[in-house]
Amino acid sequence: MWYWKMKRKNDLKWSNISMKKYQKRPTLGTRSAMQNAEGTTVDLYIPRKCSATNRLITGKDVGSVQINIAHVDANGSYTGAYSTVAMCGFIRQSGKGDAALTRIWEEKQRTERA
């Protein structure tokens, strides 16, 4: 129960009103998605996942980073390809970002060689 001031006929008085009555309930049914002219679904925001923990990276995670690692040939010149690694703020804050990046990159190299 919430106690709050409610104005009735220029009168301020304390009322005991259950907030459940006034909360909006979600509507039942399918979620409408944005579609372009061709009819394909287009979303404005696609959440990223942390490469180290597979957690969703929310829009409020200001400590998260996305790193593009360039692919180079035997001579050390850039080939035009890159691999993207996203890390959440939790990994970076705990000090495990460097180890996680190294582990992810080594796993990616092993899968490309096999």
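Predicted model: local features only at pLDDT ≥ 70, side-chain atom pairs only at ≥ 80, totals over all residues.

Student: Where is S64 found?
Tutor: Look at the strands on either side. One is β4, residues 56-57, and the other is β5, residues 65-72. S64 is found in the loop between β4 and β5.

Student: Is S64 buried or exposed?
Tutor: Start from its relative accessibility, which is 14%. Buried means under 20%. So, at 14%, S64 counts as buried.

Student: Which residues is S64 in contact with, leaving aside its neighbours within four places in sequence?
Tutor: One partner also makes a polar contact. The side chains of S64 and R48 are joined at 3.3 Å. Leaving aside neighbours within four places in sequence, the contacts of S64 are R48, I57, M87, C88 and G89.

Student: How far is the backbone oxygen of D61 from a polar atom of the S64 side chain?
Tutor: Here the side chain of S64 meets a backbone atom. The distance from the D61 backbone oxygen to that polar side-chain atom is 3.0 Å.

Student: Is N68 buried, exposed or partly exposed?
Tutor: N68 sits in strand β5. Buried is under 20% and exposed is over 50%. N68 has 48% relative accessibility, so N68 counts as partly exposed.

Student: How far apart in space are N68 and S83, C-alpha to C-alpha?
Tutor: In sequence they are 15 residues apart. S83 is also among the contacts of N68, along with Y82 and T84. C-alpha to C-alpha, N68 and S83 are 5.5 Å apart.

Student: Which side chain is joined to that of N68 by a polar contact of 3.0 Å?
Tutor: The contacts of N68 include Y82, S83 and T84. The 3.0 Å polar contact joins the side chain of N68 to that of T84.

Student: Over the face of which residue does R55 lie?
Tutor: Look for the ring centre. R55 is 4.2 Å from it. The ring belongs to F90.

Methods:
Residues numbered from 1 in each chain as written. Heavy atoms only, no water. Lys NZ or Arg CZ within 6 Å of the ring centre and 35° of its normal. Helix = DSSP H or I, 4+ residues; strand = E, 2+ residues; numbered from the N terminus. Buried < 20%, exposed > 50% of the residue type's maximum accessible area, 1.4 Å probe, protein only. Polar contact = N/O pair within 3.5 Å; in protein donor to acceptor, adjacent residues only side chain to side chain. Contact = heavy atoms within 4.5 Å.
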